Amino acid sequence: MRNLIALLACWSAAHLISVANAADGAYGSPVANRFRANVDNIRPISPMKVGGGGGAASARGLSADEKVADKGKKARPLTEREKEEQAEAELQARIAEKVAAMKAQQAARAAAAAKAKKDAEARAKVLAMMPPPRANGTHWGYEGEIGPANWHKINSDWIKCSTGNRQSPIDIRDGMKVELEQIVFDYHPSAFNVQDNGHTVQVTMGGGNFITVGNRAYELVQFHFHRPSEERINGKGFEMVVHLVHKDGEGRHAVLALMLERGKPQPVIQTVWNNLPLEKGEVSAPSIVLDPNDLLPQRRDYYTFMGSLTTPPCSENVLWLVMKEPVQASPAQMALFSRLYPLNSRPIQPTSGRMIKESM
(Lines give C-alpha, C1' and ligand atoms only; values in the text may rest on other atoms or scores of the structure.)
Protein backbone atom coordinates (compact mmCIF):
# COMPACT_ATOMS: atom_id res chain seq x y z
CA MET A 1 0.00 0.00 0.00
CA ARG A 2 2.82 2.37 0.84
CA ASN A 3 4.51 1.58 -2.51
CA LEU A 4 1.32 2.48 -4.35
CA ILE A 5 1.10 5.79 -2.54
CA ALA A 6 4.74 6.52 -3.34
CA LEU A 7 4.16 5.76 -7.04
CA LEU A 8 1.17 8.06 -7.11
CA ALA A 9 3.23 10.83 -5.55
CA CYS A 10 6.03 10.38 -8.10
CA TRP A 11 3.58 10.32 -10.99
CA SER A 12 1.96 13.51 -9.73
CA ALA A 13 5.38 15.18 -9.50
CA ALA A 14 6.43 14.08 -13.00
CA HIS A 15 3.14 15.28 -14.37
CA LEU A 16 3.61 18.66 -12.77
CA ILE A 17 7.15 18.92 -14.17
CA SER A 18 5.95 18.15 -17.64
CA VAL A 19 3.30 20.79 -17.29
CA ALA A 20 5.88 23.30 -16.10
CA ASN A 21 8.19 22.49 -19.03
CA ALA A 22 5.38 22.93 -21.42
CA ALA A 23 4.61 26.29 -19.90
CA ASP A 24 8.20 27.54 -20.12
CA GLY A 25 8.81 25.86 -23.41
CA ALA A 26 11.91 24.00 -22.31
CA TYR A 27 12.84 21.45 -19.58
CA GLY A 28 15.69 23.55 -18.26
CA SER A 29 13.68 26.72 -17.85
CA PRO A 30 13.85 28.57 -14.55
CA VAL A 31 10.28 27.61 -13.65
CA ALA A 32 10.94 23.97 -14.32
CA ASN A 33 14.08 24.02 -12.30
CA ARG A 34 12.35 25.57 -9.29
CA PHE A 35 9.47 23.04 -9.46
CA ARG A 36 11.96 20.16 -9.76
CA ALA A 37 13.71 21.33 -6.64
CA ASN A 38 10.40 21.31 -4.76
CA VAL A 39 9.57 17.84 -6.06
CA ASP A 40 12.93 16.52 -4.87
CA ASN A 41 11.87 17.43 -1.30
CA ILE A 42 8.69 15.33 -1.49
CA ARG A 43 8.72 12.23 0.80
CA PRO A 44 6.33 9.31 0.80
CA ILE A 45 3.24 10.12 2.83
CA SER A 46 2.49 7.80 5.73
CA PRO A 47 -0.73 5.89 5.23
CA MET A 48 -1.87 7.22 8.63
CA LYS A 49 -1.77 10.75 7.14
CA VAL A 50 -3.39 10.02 3.79
CA GLY A 51 -6.69 11.80 3.42
CA GLY A 52 -5.79 14.43 6.01
CA GLY A 53 -5.90 11.87 8.94
CA GLY A 54 -9.58 11.09 8.48
CA GLY A 55 -9.47 8.24 5.93
CA ALA A 56 -10.04 4.52 6.37
CA ALA A 57 -6.30 3.80 6.61
CA SER A 58 -5.98 6.26 9.55
CA ALA A 59 -8.84 4.61 11.47
CA ARG A 60 -7.56 1.11 10.78
CA GLY A 61 -3.88 1.62 11.77
CA LEU A 62 -1.27 -0.97 10.77
CA SER A 63 -2.43 -4.07 8.96
CA ALA A 64 -1.93 -7.59 10.45
CA ASP A 65 0.95 -8.26 8.03
CA GLU A 66 2.58 -4.99 9.01
CA LYS A 67 2.26 -5.79 12.74
CA VAL A 68 3.82 -9.25 12.24
CA ALA A 69 6.64 -7.67 10.24
CA ASP A 70 7.17 -5.02 12.92
CA LYS A 71 7.16 -7.66 15.66
CA GLY A 72 9.65 -9.70 13.71
CA LYS A 73 12.01 -6.73 13.59
CA LYS A 74 11.85 -6.34 17.42
CA ALA A 75 11.97 -10.09 18.40
CA ARG A 76 15.29 -11.47 19.53
CA PRO A 77 16.40 -14.71 21.26
CA LEU A 78 16.08 -14.75 25.09
CA THR A 79 19.20 -15.05 27.14
CA GLU A 80 19.61 -17.92 29.63
CA ARG A 81 19.04 -15.56 32.52
CA GLU A 82 15.85 -14.25 30.91
CA LYS A 83 14.67 -17.83 30.34
CA GLU A 84 15.33 -18.70 34.02
CA GLU A 85 13.53 -15.59 35.19
CA GLN A 86 10.60 -16.38 32.90
CA ALA A 87 10.45 -20.00 34.17
CA GLU A 88 10.68 -18.80 37.80
CA ALA A 89 7.87 -16.32 37.19
CA GLU A 90 5.70 -19.04 35.70
CA LEU A 91 6.47 -21.36 38.66
CA GLN A 92 5.63 -18.61 41.14
CA ALA A 93 2.36 -17.99 39.30
CA ARG A 94 1.45 -21.71 39.50
CA ILE A 95 2.36 -21.82 43.23
CA ALA A 96 0.25 -18.74 43.88
CA GLU A 97 -2.69 -20.38 42.07
CA LYS A 98 -2.36 -23.56 44.17
CA VAL A 99 -2.01 -21.60 47.42
CA ALA A 100 -5.12 -19.62 46.54
CA ALA A 101 -6.99 -22.87 45.78
CA MET A 102 -5.86 -24.41 49.10
CA LYS A 103 -6.94 -21.33 51.03
CA ALA A 104 -10.31 -21.44 49.32
CA GLN A 105 -10.71 -25.12 50.26
CA GLN A 106 -9.67 -24.43 53.88
CA ALA A 107 -12.12 -21.56 54.10
CA ALA A 108 -14.88 -23.79 52.71
CA ARG A 109 -14.06 -26.55 55.22
CA ALA A 110 -13.95 -24.05 58.09
CA ALA A 111 -17.30 -22.65 57.02
CA ALA A 112 -18.77 -26.16 56.80
CA ALA A 113 -17.38 -27.05 60.26
CA ALA A 114 -18.77 -23.84 61.76
CA LYS A 115 -22.16 -24.57 60.23
CA ALA A 116 -22.08 -28.15 61.53
CA LYS A 117 -21.18 -26.91 65.02
CA LYS A 118 -23.94 -24.33 64.94
CA ASP A 119 -26.44 -26.97 63.80
CA ALA A 120 -25.28 -29.35 66.55
CA GLU A 121 -25.67 -26.63 69.19
CA ALA A 122 -29.14 -25.86 67.90
CA ARG A 123 -30.09 -29.55 68.08
CA ALA A 124 -28.63 -29.79 71.60
CA LYS A 125 -30.75 -26.83 72.70
CA VAL A 126 -33.86 -28.44 71.25
CA LEU A 127 -33.07 -31.75 72.96
CA ALA A 128 -32.37 -29.97 76.26
CA MET A 129 -35.82 -28.42 76.12
CA MET A 130 -37.46 -31.79 75.50
CA PRO A 131 -38.42 -33.93 78.51
CA PRO A 132 -36.13 -36.94 79.05
CA PRO A 133 -37.48 -40.28 77.87
CA ARG A 134 -39.30 -42.24 80.54
CA ALA A 135 -37.34 -45.04 82.16
CA ASN A 136 -39.32 -48.18 82.94
CA GLY A 137 -36.75 -50.63 84.31
CA THR A 138 -37.60 -53.07 87.08
CA HIS A 139 -34.21 -54.53 88.04
CA TRP A 140 -32.68 -52.90 91.10
CA GLY A 141 -30.27 -53.86 93.86
CA TYR A 142 -28.03 -52.50 96.58
CA GLU A 143 -24.69 -52.01 94.82
CA GLY A 144 -23.23 -50.53 91.64
CA GLU A 145 -25.27 -49.08 88.80
CA ILE A 146 -28.51 -50.61 90.13
CA GLY A 147 -27.83 -49.47 93.69
CA PRO A 148 -29.80 -46.96 95.81
CA ALA A 149 -28.08 -43.90 94.31
CA ASN A 150 -29.48 -44.83 90.88
CA TRP A 151 -32.95 -46.18 91.71
CA HIS A 152 -34.62 -43.02 90.41
CA LYS A 153 -32.81 -43.44 87.06
CA ILE A 154 -33.96 -47.04 86.57
CA ASN A 155 -37.65 -46.20 86.57
CA SER A 156 -39.29 -42.79 86.26
CA ASP A 157 -41.97 -43.87 88.76
CA TRP A 158 -39.25 -44.16 91.40
CA ILE A 159 -38.33 -40.47 91.34
CA LYS A 160 -39.16 -40.11 95.05
CA CYS A 161 -36.07 -42.21 95.82
CA SER A 162 -34.10 -39.11 94.80
CA THR A 163 -36.38 -36.12 95.35
CA GLY A 164 -38.41 -37.11 98.40
CA ASN A 165 -37.96 -35.21 101.68
CA ARG A 166 -39.44 -37.86 103.97
CA GLN A 167 -37.31 -40.85 103.00
CA SER A 168 -36.39 -43.87 105.11
CA PRO A 169 -34.37 -45.23 106.82
CA ILE A 170 -33.08 -42.58 109.21
CA ASP A 171 -30.81 -42.34 112.24
CA ILE A 172 -33.36 -41.89 115.04
CA ARG A 173 -32.09 -39.08 117.27
CA ASP A 174 -33.49 -36.36 119.52
CA GLY A 175 -36.93 -37.90 119.81
CA MET A 176 -39.59 -35.97 121.68
CA LYS A 177 -40.49 -38.08 124.72
CA VAL A 178 -44.26 -38.15 125.11
CA GLU A 179 -46.92 -40.50 126.38
CA LEU A 180 -47.51 -42.40 123.15
CA GLU A 181 -50.59 -44.60 123.03
CA GLN A 182 -49.89 -48.29 123.03
CA ILE A 183 -49.93 -50.16 119.74
CA VAL A 184 -52.80 -52.62 119.80
CA PHE A 185 -51.71 -55.97 118.29
CA ASP A 186 -54.37 -58.31 116.97
CA TYR A 187 -52.20 -61.10 115.54
CA HIS A 188 -53.23 -64.75 115.17
CA PRO A 189 -51.62 -67.96 113.91
CA SER A 190 -52.07 -67.80 110.17
CA ALA A 191 -51.15 -69.49 106.94
CA PHE A 192 -48.07 -68.09 105.22
CA ASN A 193 -45.72 -68.59 102.30
CA VAL A 194 -42.00 -67.89 101.92
CA GLN A 195 -40.13 -66.50 98.91
CA ASP A 196 -36.58 -65.46 98.16
CA ASN A 197 -37.49 -62.62 95.81
CA GLY A 198 -33.95 -61.62 94.84
CA HIS A 199 -33.83 -58.72 97.30
CA THR A 200 -34.64 -60.44 100.60
CA VAL A 201 -36.51 -63.34 102.18
CA GLN A 202 -40.17 -62.33 102.32
CA VAL A 203 -42.98 -63.97 104.27
CA THR A 204 -46.52 -63.23 103.04
CA MET A 205 -49.18 -63.65 105.71
CA GLY A 206 -52.75 -64.81 105.47
CA GLY A 207 -55.48 -62.27 106.28
CA GLY A 208 -56.84 -61.26 109.68
CA ASN A 209 -53.72 -59.85 111.44
CA PHE A 210 -54.01 -56.20 112.46
CA ILE A 211 -52.42 -53.43 114.47
CA THR A 212 -54.28 -50.30 115.58
CA VAL A 213 -52.51 -46.94 115.95
CA GLY A 214 -54.22 -43.58 116.30
CA ASN A 215 -57.68 -45.12 115.83
CA ARG A 216 -56.60 -46.51 112.46
CA ALA A 217 -56.35 -50.25 111.80
CA TYR A 218 -53.63 -51.64 109.52
CA GLU A 219 -53.55 -55.25 108.32
CA LEU A 220 -50.29 -57.21 108.24
CA VAL A 221 -49.42 -58.02 104.61
CA GLN A 222 -45.87 -59.37 104.78
CA PHE A 223 -42.58 -59.19 106.69
CA HIS A 224 -39.00 -59.38 105.41
CA PHE A 225 -35.36 -59.02 106.54
CA HIS A 226 -32.46 -56.61 106.01
CA ARG A 227 -28.78 -57.01 106.84
CA PRO A 228 -27.49 -54.87 108.49
CA SER A 229 -30.37 -53.02 110.09
CA GLU A 230 -31.50 -50.08 107.96
CA GLU A 231 -32.53 -47.90 110.91
CA ARG A 232 -30.09 -46.67 113.53
CA ILE A 233 -30.90 -45.47 117.01
CA ASN A 234 -28.70 -42.62 118.22
CA GLY A 235 -26.07 -43.73 115.69
CA LYS A 236 -26.17 -47.40 116.70
CA GLY A 237 -26.91 -50.03 114.07
CA PHE A 238 -27.90 -53.70 114.55
CA GLU A 239 -26.88 -56.87 112.74
CA MET A 240 -30.33 -57.36 111.19
CA VAL A 241 -33.85 -55.95 111.24
CA VAL A 242 -37.31 -57.35 110.50
CA HIS A 243 -39.85 -55.06 108.78
CA LEU A 244 -43.52 -55.96 109.22
CA VAL A 245 -45.48 -54.15 106.49
CA HIS A 246 -49.12 -53.23 107.14
CA LYS A 247 -51.72 -51.49 105.01
CA ASP A 248 -55.08 -49.90 105.84
CA GLY A 249 -58.24 -49.88 103.77
CA GLU A 250 -57.18 -46.69 101.97
CA GLY A 251 -53.82 -48.09 100.93
CA ARG A 252 -51.72 -46.25 103.51
CA HIS A 253 -48.74 -48.10 104.97
CA ALA A 254 -47.51 -48.63 108.52
CA VAL A 255 -44.19 -50.44 109.01
CA LEU A 256 -43.20 -52.01 112.33
CA ALA A 257 -39.40 -52.40 112.69
CA LEU A 258 -37.90 -55.04 115.03
CA MET A 259 -34.14 -54.82 115.60
CA LEU A 260 -32.32 -58.18 115.80
CA GLU A 261 -29.35 -58.82 118.04
CA ARG A 262 -27.39 -62.00 118.76
CA GLY A 263 -28.81 -64.22 121.51
CA LYS A 264 -31.06 -67.23 121.77
CA PRO A 265 -32.77 -68.75 118.69
CA GLN A 266 -35.93 -67.05 117.48
CA PRO A 267 -38.74 -69.58 116.77
CA VAL A 268 -40.54 -67.64 114.00
CA ILE A 269 -37.30 -67.00 112.16
CA GLN A 270 -36.38 -70.67 112.40
CA THR A 271 -39.76 -71.63 110.95
CA VAL A 272 -39.12 -69.30 108.02
CA TRP A 273 -35.62 -70.69 107.39
CA ASN A 274 -36.97 -74.25 107.54
CA ASN A 275 -39.36 -73.45 104.68
CA LEU A 276 -37.04 -71.52 102.35
CA PRO A 277 -37.54 -72.57 98.70
CA LEU A 278 -34.52 -74.00 96.88
CA GLU A 279 -34.58 -71.42 94.06
CA LYS A 280 -34.92 -67.65 93.98
CA GLY A 281 -38.36 -66.58 92.84
CA GLU A 282 -40.03 -69.81 93.87
CA VAL A 283 -42.75 -69.72 96.54
CA SER A 284 -42.94 -72.20 99.39
CA ALA A 285 -46.44 -72.65 100.92
CA PRO A 286 -46.11 -74.78 104.07
CA SER A 287 -49.12 -76.58 105.52
CA ILE A 288 -48.38 -75.23 109.00
CA VAL A 289 -49.30 -71.87 110.51
CA LEU A 290 -47.15 -69.03 111.87
CA ASP A 291 -48.00 -66.72 114.78
CA PRO A 292 -46.60 -63.16 114.32
CA ASN A 293 -47.01 -62.53 118.06
CA ASP A 294 -43.96 -64.76 118.61
CA LEU A 295 -41.80 -62.13 116.91
CA LEU A 296 -42.66 -59.28 119.27
CA PRO A 297 -40.45 -58.15 122.21
CA GLN A 298 -41.76 -58.06 125.76
CA ARG A 299 -41.64 -54.29 126.06
CA ARG A 300 -43.76 -52.35 123.59
CA ASP A 301 -42.13 -48.90 123.80
CA TYR A 302 -41.42 -47.42 120.38
CA TYR A 303 -40.32 -44.49 118.23
CA THR A 304 -42.61 -43.09 115.57
CA PHE A 305 -42.18 -40.72 112.61
CA MET A 306 -43.29 -40.32 109.02
CA GLY A 307 -41.10 -41.78 106.31
CA SER A 308 -41.15 -43.88 103.17
CA LEU A 309 -40.74 -47.40 101.91
CA THR A 310 -37.03 -48.28 101.92
CA THR A 311 -37.24 -50.01 98.53
CA PRO A 312 -38.47 -48.74 95.14
CA PRO A 313 -40.74 -46.90 94.50
CA CYS A 314 -39.77 -45.24 97.84
CA SER A 315 -43.38 -44.06 98.38
CA GLU A 316 -43.76 -41.56 101.22
CA ASN A 317 -46.51 -40.94 103.77
CA VAL A 318 -45.54 -44.19 105.54
CA LEU A 319 -46.07 -44.41 109.32
CA TRP A 320 -42.99 -45.90 110.97
CA LEU A 321 -43.08 -47.66 114.33
CA VAL A 322 -39.63 -48.75 115.58
CA MET A 323 -39.62 -50.89 118.71
CA LYS A 324 -37.06 -49.81 121.31
CA GLU A 325 -36.33 -53.31 122.63
CA PRO A 326 -34.39 -55.55 120.21
CA VAL A 327 -35.40 -59.15 119.43
CA GLN A 328 -32.84 -61.91 119.84
CA ALA A 329 -31.81 -64.39 117.13
CA SER A 330 -29.06 -66.97 117.23
CA PRO A 331 -25.71 -66.45 115.46
CA ALA A 332 -26.49 -69.48 113.27
CA GLN A 333 -29.82 -67.98 112.20
CA MET A 334 -28.14 -64.69 111.29
CA ALA A 335 -25.29 -66.48 109.51
CA LEU A 336 -27.77 -68.35 107.30
CA PHE A 337 -29.30 -65.09 106.08
CA SER A 338 -25.87 -63.50 105.56
CA ARG A 339 -25.02 -66.31 103.11
CA LEU A 340 -28.03 -65.29 101.04
CA TYR A 341 -27.79 -61.51 101.49
CA PRO A 342 -24.59 -60.13 103.03
CA LEU A 343 -25.79 -56.59 102.22
CA ASN A 344 -29.36 -55.56 101.42
CA SER A 345 -29.84 -52.26 103.25
CA ARG A 346 -30.52 -48.80 101.91
CA PRO A 347 -28.20 -46.09 103.31
CA ILE A 348 -29.39 -43.63 105.96
CA GLN A 349 -31.46 -40.76 104.53
CA PRO A 350 -31.62 -37.12 105.73
CA THR A 351 -34.05 -36.44 108.56
CA SER A 352 -34.97 -33.12 106.94
CA GLY A 353 -36.30 -31.65 110.18
CA ARG A 354 -39.12 -34.17 110.58
CA MET A 355 -40.69 -34.75 113.99
CA ILE A 356 -39.72 -37.92 115.87
CA LYS A 357 -41.67 -39.05 118.92
CA GLU A 358 -40.73 -41.75 121.41
CA SER A 359 -42.39 -43.43 124.36
CA MET A 360 -41.45 -42.10 127.79
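Contact means heavy atoms within 4.5 Å of each other. The views below come from a predicted model.

View 1. The protein has 360 residues, and buried residues make up 34% of them. Its accessible surface comes to about 22,000 Å². Carbon and sulfur atoms account for 56% of that surface. Now take the contacts with a separation of 6 or more: 63% of them are between residues 24 or more positions apart.

**View 2. Helix α9 spans residues 331–340 and has a buried side.** Which residues of α9 are buried? They are Gln333, Met334, Phe337 and Ser338. These four cover an arc of only 135 degrees around the axis, so they sit on the same side of α9. An α-helix has 3.6 residues a turn, so residues three or four places apart point the same way. Look at the other side of α9 for Ala332 and Arg339, which are exposed.

**View 3. The buried residues of α9 pack against several strands and a helix.** The strands are β5 (201–205), β7 (216–226), β9 (240–247), β10 and β14 (327–329). The helix is α8 (267–274).

**View 4. Arg262 lies in strand β10, which covers residues 253–262.** What does Arg262 touch, leaving out residues up to four places away in sequence? Its partners are Glu239, Ala329, Pro331 and Met334. Met334 is also one of the buried residues of α9. The side chain of Arg262 makes a polar contact with the side chain of Glu239, at 2.7 Å.

**View 5. Cys161 and Cys314 form a disulfide.** A disulfide is a covalent bond between the sulfur atoms of two cysteines. How many disulfides does a search of the whole structure find? The search finds one. In this pair, the sulfur atoms of Cys161 and Cys314 are 2.0 Å apart. The link is right-handed, with 95 degrees about the S-S bond. It joins distant parts of the chain, since Cys161 and Cys314 are 153 residues apart. Cys161 belongs to helix α7 (residues 160–163). Cys314 lies in the loop between β12 (302–308) and β13 (316–323). Are these two cysteines, Cys161 and Cys314, buried or exposed? Both Cys161 and Cys314 are buried.

Note on methods
Residues numbered from 1 in each chain as written. Predicted model: local features only at pLDDT ≥ 70, side-chain atom pairs only at ≥ 80, totals over all residues. Heavy atoms only, no water. Helix = DSSP H or I, 4+ residues; strand = E, 2+ residues; numbered from the N terminus. Polar contact = N/O pair within 3.5 Å; in protein donor to acceptor, adjacent residues only side chain to side chain. Disulfide = S-S within 2.5 Å. Buried < 20%, exposed > 50% of the residue type's maximum accessible area, 1.4 Å probe, protein only. Areas by Shrake-Rupley, 256 points an atom, 1.4 Å probe, with all protein chains shown as cover. Arc of directions from axis to C-beta.
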